[in-house]
Amino acid sequence: MLCQERTVHYLSWGFIVGGVLYLLRQTSTHTPYGRYVDSGARGLTVPAKAAWLIQELPSFLVPMVLLLTTESSADVGRTILLWTFCLHYFQRTFVFSLLSKGRPCPLFITTSAVVFCSVNGFLQGHYLLHCGRYEASWLTDARFITGMAINIHSDHILRSLRNPGEISYRIPKGGMFEFVSGANFFGEMVEWCGYAVAVWSLPALSFAFFTLCSIGPRAYHHHRYYLERFDDYPKSRKAVIPFIL
């Protein structure tokens, strides 16, 4: 398959514009999933485990299909970079989702996430397999691995705060949570910024930018939630960037 440069260009800029619009939207309202779901509101919901599995799966499945249907001439560098992307979503789809103890997710949120992950899976996979050119020595970026480790460890801390069947929230402690309220978000931001540096492309940059616009404000909302709910919440913690913000 030839590189679809125009499609890659438009999708990438669509992510950038969409990220700005989503950021502006979150300055005035919460995205209604997790703790911000109104339990009394009407509408279809999806159980947390199923929602996470369904919405994350396309980000793993689409690149894998592209990889398996691409001629073996793809160089080692870009194949390994694609595998780092797939590694994250394998963990999110088949590990994180099954361990989730969260609340049911509104169907429209799950559907929107499926669309985004499908498009992004195609964008990252197509670019790496058909557009990018990397030497075999251009392997993984340490920031991606570090960010993924922070993200997984922080998710583990959040899960351990609840017993089976509980939906209440407690003050998270340990790891990066000693520095920021949104340690899991911080880890994911580091992860995808590291990925963008490693891939060095507009599609990777646009995805990292959309991620910052999406989960950055959510980390801030979490921070405000903890401060307002818990009188003993550590005042030295920042929202998402240690010692800064």
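Predicted model: local features only at pLDDT ≥ 70, side-chain atom pairs only at ≥ 80, totals over all residues.
Helices here are DSSP runs of H or I with at least four residues, strands are runs of E with at least two, and both are numbered from the N terminus. Residues are numbered from 1 along each chain as its sequence is written, and side-chain values use heavy atoms, with hydrogens and water left out.

**Confidence and overall numbers**

- The average pLDDT (the predictor's confidence in each residue, from 0 to 100) is 80 for the protein chain, and 77% of the residues score at least 70.
- Take the contacts (heavy atoms within 4.5 Å) with a separation of 6 or more: 84% of them link residues 24 or more positions apart.

A quick reminder on method: two packed helices are described by the angle between their axes and the distance between the axes. Axes are lines fitted to C-alpha atoms, for helices over the stretch in contact, and angles run from 0 to 180 degrees between N-to-C directions. Angles under 35 degrees count as roughly parallel, over 145 as roughly antiparallel, 65 to 115 as roughly perpendicular and the rest as oblique. A crossing is left-handed if the near helix is turned anticlockwise from the far one by less than a right angle, and right-handed if clockwise. For residue classes, Ala, Val, Leu, Ile, Met, Phe, Trp, Tyr, Cys and Pro are nonpolar, Asp, Glu, Lys and Arg are charged, and the others, Gly among them, are polar.

- *With helix 2:* the axes of helix 2 (residues 48–68) and helix 4 come within 8 Å and cross at roughly 20 degrees, so helix 2 is roughly parallel to helix 4.
- The crossing of helix 2 and helix 4 is right-handed; the residues in contact include Ile 54, Pro 58 and Val 62 of helix 2 and Ala 113, Cys 117 and Phe 122 of helix 4. By class, the contact of helix 2 with helix 4 has 12 nonpolar, 7 polar and no charged residues.
- *With helix 3:* here the axes of helix 3 (residues 76–99) and helix 4 come within 9 Å, crossing at roughly 165 degrees, which means helix 3 is roughly antiparallel to helix 4.
- Helix 3 and helix 4 make a right-handed crossing, with Arg 78, Leu 81, Leu 82 and Phe 85 on the helix 3 side, and residues including Asn 120, Gln 124 and Leu 128 on the helix 4 side. That contact has 6 nonpolar, 5 polar and 1 charged residues.
- *With helix 7:* helix 4 (residues 107–131) and helix 7 (residues 202–229) have axes that come within 9 Å and cross at roughly 150 degrees, so these two helices are roughly antiparallel.
- Helix 4 passes helix 7 in a left-handed crossing. Phe 116, Asn 120, Leu 123, Gln 124 and Tyr 127 in helix 4 meet Pro 203, Ala 204, Ser 206, Phe 207 and Phe 210 in helix 7, giving 7 nonpolar, 3 polar and no charged residues.

For the contact lists below, neighbours within four places in sequence are left aside.

- Phe 210 sits in helix 7 and counts as buried at 16% relative accessibility. Phe 210 touches Phe 15, Gly 18, Gly 19, Tyr 22 and Phe 116; from Gly 18 it is 192 residues away in sequence but 7.3 Å in space, C-alpha to C-alpha.
- Thr 211, also in helix 7, is buried with a relative accessible area of 6%, and is in contact with Glu 188, Trp 192 and Gly 216.
- Leu 227 of helix 7 is partly exposed at 31% and contacts Tyr 233 and Lys 235. The C-alpha atoms of Leu 227 and Ser 181, 46 residues apart along the chain, are separated by 9.7 Å.
- Trp 200, in the loop between helix 6 (183–199) and helix 7, is exposed at 64% relative accessibility. Most residues other than glycine have a negative phi, yet phi of Trp 200 is positive, near 55 degrees.

Technical notes:
Buried < 20%, exposed > 50% of the residue type's maximum accessible area, 1.4 Å probe, protein only.
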